[in-house]
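This report describes side-chain interactions and confidence in a single model. The sequence and the structure are shown first, and the account follows.

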Amino acid sequence: MSRILDDHSLLRPLRLLLLLSLSAGLALVACGGDAPTPDEPDSGVPIPSDGGHDSGTPDASIPDASTPDASVPDAGGPDAGGPDGGTTGDGGSDGGTDAGCGPCESPPPPRCNGTRDLVTWSGPGICTASGVCQYSAFSTFCEYGCADGACLPCPRRCDGRECGDDGCGGSCGECGAPQTCGGGGIPGICGPEAGCGTWEPGASLQVARAHPAAVQLSDGNLFVVGGLTSGAVTTRTAESFNPSTNTWTAQGRLPATGTPSGSSTHGFYSYPGAAQLGTGRVLVTGHADSVYALFTPASGDWAPGNGLISERLQPLVLSLADGRVLVASGVDEGGYYPRRTGTYDDTHAAWATGYTRSERFRATGVQLLDGRVLVTSGIADEVYGAAALGAELYDPVSDTWAFTGAPRRARAAAALARLSDGRVLLIGGTSVRGFFSGTAVRTSSVELYDPTTGDWRDTGYLNIARSGHTATVLADGRVLVIGGQDADGKVLSSVEWFDPSTEKWTLTAPLSTGRASHVSALLGDGRVFVVGGTSSTGAILASSEEVLPGGFCAANGCVPESDDVLCAKQTAGCGPLDVTDACGRTRQVSCGACIYPATCGGAGIPARCGQPGVEGWQVEVLGSATGDNKGIVIEPGGEPAIAYVLSSPVGGPEPRLFLARRLATGWNTSPILDDILGGDVALARTREGALRVATRKRVVGSFSSYDVPVFLSWKEGRWWDDVVPSTDFHPPPDTDYLSMGLGPDDEPHLCTLDITSTFNTATLYCYGLDATRRWTRERVDVPGTDFSSPSVAVDGEGRPHVAYYDANQKRLTHAVRSASGWVLETVDASADVGTGASMVLDAQGHPHIAYRDTTNQDLKYARWTGTEWSLQRVDSTDDVGGTPALALDAQGRPHISYEDLTRHHLKYARWTGTQWNLSTVDASGTGGRDSALALDAAGRVHITYFSEGLRYARSPQAPTAKRAAPKR
């Protein structure tokens with residue numbers, strides 16, 4: 001039965017369809033009702049007009065209007081649907097099957113279009129003339145992301161929080177009385193609101209200031225000077241606090257003399273340093289308005305300095321035990337970090353100068369119990385703001401600086417505190433490159449330094465990562481850390497203490513006002529006094545707070561560890577890590593990424609950077625390094641130590657000598673000596689396990705410079721460098737290649753190849769120490785220019801042996817020092833042989849030598865049997881034998897690492913007692929040159945070598961190998 005529709009009712013579904021297609025889009029779906037594939041458009045295709053007839057797109061809620069109306073002439077001619085064997089002319093638009101289209105009742109399921117867009121379809125749909133189902137598509141923006149065809153719910157931000165707003169209108173939990181949320185100074189953590197060593201308001205400064213210099217004077221008063229005041233202006237004012245009267249008194253102004261160029265109102269110039277001299281006066285330097293000035297507390301008078309100290313900003317200024325003041329570190333007007341230091345003696349109004357080993361500013365320093373000064377932390381380069389490496393010791397008696405052991409993590413803006421037993425805590429700071437760019441990562445790690453050994457180790461971690469904090473040693477030996485900025489850069493009010501007996505950190509009552517870049521001091525009456533700094537709003541503070549530490553107790557509430565703490569506890573250096581923190585929460589943390597080509601776990605060590613070697617070898621990538629030789633020894637714990645040279649970019653500082661130690665959580669890298677010559681490094685251990693290093697250094701004479709050997713010893717917690725004097729010898733040293741051996745009493749023997757010209761005229765010298773500890777030198781031979789180091793070893797009678805390549809005769813030579821002089825003998829002259837000679841002595845003092853046969857491109861091995869030299873060809877596959885390294889195991893059997901020059905692989909050979917077994921260690925094709933090899937007590941092999949930087953390889957417990965194939 002046909003139904004009569006007026007013109008308006010006929011157009012209504014078309015208008016609705018047009019609105020839907022404009023607002024949400026139309027989608028065409030295959031007849032089976034499947035959702036469009038991701039490659040299909042969501043909006044469908046245009047719908048053709050049928051001349052005003054049903055158009056095949058009626059609204060699903062309106063009766064089918066496709067049947068021709070008898071009272072209305074069909075202006076469109078025959079129905080576009082054609083004969084369908086059913087109802088005439090509806091084109092299948094009623095959702096039937098007359099046009100070959102199945103039911104269009106169920107729309108496709110929703111799907112995500114990108115990460116935040118959810119697409120849904122309304123149904124039932126419409127079957128078009130082309131035989132597909134058409135649905136209206138709607139797009140919804142997902143505020144929290146889209147996944148699995150649905151908008152994600154609001155993510156509750158309660159990780160690490162036990163109370164407060166969860167970020168979604170709910171709560172992370174409630175605190176039981178008397179605790180409150182954030183009462184311990186940590187948002188989201190339950191803690192005490194009052195009591196527990198509550199901080200009370202103290203006397204306010206007369207001038208608000210942050211980053212001032214502060215000195216606790218001998219009379220008990222607290223003296224502060226300079227800093228940044230309100231409006232980001234540098235202040236020259238000074239004032240002192242009297243604890244007995246609780247009052248601040250103005251102490252005049254820094255003399256405005258010797259003003260460096262630049263704006264004195266810039267915050268860059270607002271970090272002065274100050275220390276009290278033995279005369280009672282206070283030296284202030286590092287301020288924009290004065291190179292240095294002297295303040296007399298008794299009279300309140302200021303006097304401008306007139307000495308020779310170089311002007312610098314943000315220096316380290318410390319009192320010395322002998323009454324002098326040390327000035328070090330800082331940055332000059334040109335943006336350079338001066339290494340020159342000054343010690344001022346007020347009794348004689350005189351400066352003495354010295355030079356630090358490293359450039360750094362914003363360094364931290366503390367005087368040790370023996371009077372020496374430990375300096376570490378800081379910023380190492382003015383371009384990127386990389387945190388400074390290493391630590392140094394200053395000896396006031398000799399006015400000398402020396403490297404000591406390096407902290408495991410480079411950091412800036414840290415705090416130092418000397419414990420009552422003389423050890424030193426290095427607390428928090430920023431740990432990675434990017435101090436200036438805003439990408440610095442604040443750390444909660446704390447390291448403990450032992451001055452007697454020079455060693456650093458991890459100790460208890462801070463509850464909250466922070467920098468810009470203060471550390472105050474309390475009368476009972478605890479260390480109180482106050483304020484600073486957290487991992488997100490927010491100013492902290494939290495306070496925590498370190499107990500040396502347990503090496504644990506405990507949160508306690510927070511400050512009433514968060515502050516960073518402030519001053520804290522332990523007053524004579526036992527109060528902890530905190531003043532000034534910057535607030536959480538950026539305001540410069542004049543207020544102070546004080547507390548009697550005897551009332552401190554633990555702020556209850558669980559504080560989850562930071563990512564770096566959890567990674568360190570699990571000895572993880574890279575990759576994601578699923579852990580359960582101290583609060584019992586399971587979470588995933590990121591332990592960092594590896595530098596290409598290393599991957600996390602690639603060396604077969606979970607959560608450590610490295611690459612897979614071949615046949616079970618583990619390969620770790622240490623980083624960029626240069627040189628011809630390097631040294632490796634095995635330390636008492638069975639892990640390797642490697643000495644190597646790191647060169648700077650063109651135009652940068654001279655190359656630097658480093659020592660890398662392998663620890664459970666990664667490699668600890670420590671500088672040993674600056675401004676050396678790139679090239680050879682020799683490393684050895686004494687019988688007691690102390691390290692000895694030899695390298696080359698340039699010294700400047702009256703009319704020329706000389707390249708001389710340098711011998712370095714680790715003792716008394718520092719590196720001592722003994723430079724061979726150029727003036728003691730004629731001709732003076734011109735050292736190009738160097739090696740070292742230790743005698744039975746650990747006496748050093750240094751053998752060098754001094755190249756005087758390019759015409760194959762090089763002299764082989766050996767240096768030693770006489771009974772007076774004075775260096776002596778003997779000429780061994782004139783073997784010509786080899787461009788590789790001789791190899792030296794010392795037998796049980798103290799006689800040095802040297803193996804080297806005679807470039808003039810193209811042969812391998814062995815020399816030994818007898819009672820009458822040096823005795824030379826030819827080991828192998830069968831071809832052009834002997835380059836890269838590596839020699840060790842066995843228990844009988846007989847030499848064993850690995851070397852290259854250049855003519856045949858083979859690796860060879862020679863040993864003295866006691867009556868003659870026995871020669872063997874070790875490997876003849878490819879062009880092999882590049883820069884070999886030799887070691888003997890407990891049975892006296894040789895192990896050799898060397899380079900396959902054809903394939904650029906690192907290879908390894910070992911003698912089984914009957915044959916040579918060969919294996920490939922690193923088949924990356926990037927080389928294996930200049931290797932050094934050592935064996936540990938278990939017989940495991942350790943190799944360091946160059947392959948697109950410095951690498952380290954460790955053998956499996958029982959390395960397997962195959963016999964060499966003949967050269968093709």
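## Charged and aromatic side-chain contacts

D795 counts as buried because its relative accessibility is 5%, where buried means under 20% relative accessible area, exposed over 50% and partly exposed in between (1.4 Å probe, protein chains only). This residue forms a salt bridge with R799, which counts as partly exposed because its relative accessibility is 33%.

The model is predicted: local features need pLDDT of at least 70 and side-chain atom pairs count only at pLDDT 80 or more, whereas totals for chains, interfaces and linings use all residues. Residues are numbered from 1 along each chain as its sequence is written, and side-chain values use heavy atoms, with hydrogens and water left out.

A search of the whole structure gives 40 salt bridges, each defined as a side-chain nitrogen of Lys or Arg within 4 Å of a carboxyl oxygen of Asp or Glu. Three of these pairs are tabulated with the separation of their closest N and O atoms.

| R423 | D421 | 2.9 Å |

D421 counts as partly exposed because its relative accessibility is 47%.

The structure holds 22 aromatic pairs, that is, rings of Phe, Tyr and Trp (its six-membered ring) with centres within 6.5 Å; planes under 30 degrees apart count as stacked, over 60 as edge-to-face and the rest as tilted. The pair of F241 and W248 is tilted because the planes lie at 45°, with the ring centres 5.2 Å apart; both residues are buried. Y337 and F361 also form a tilted pair, with ring centres 5.0 Å apart and planes at 50°. Both Y337 and F361 are buried. A further group, F223, F295 and W302, forms one aromatic cluster.

Charges also sit over rings, a term that requires NZ of Lys or CZ of Arg within 6 Å of the ring centre and within 35 degrees of the ring normal. The charged end of R362 lies over the ring of Y271, 4.8 Å from its centre, and that of K715 lies over the ring of W720, 5.6 Å from its centre.

The average pLDDT of the protein chain is 81, and 81% of the residues score at least 70; pLDDT is the predictor's confidence in each residue, from 0 to 100.
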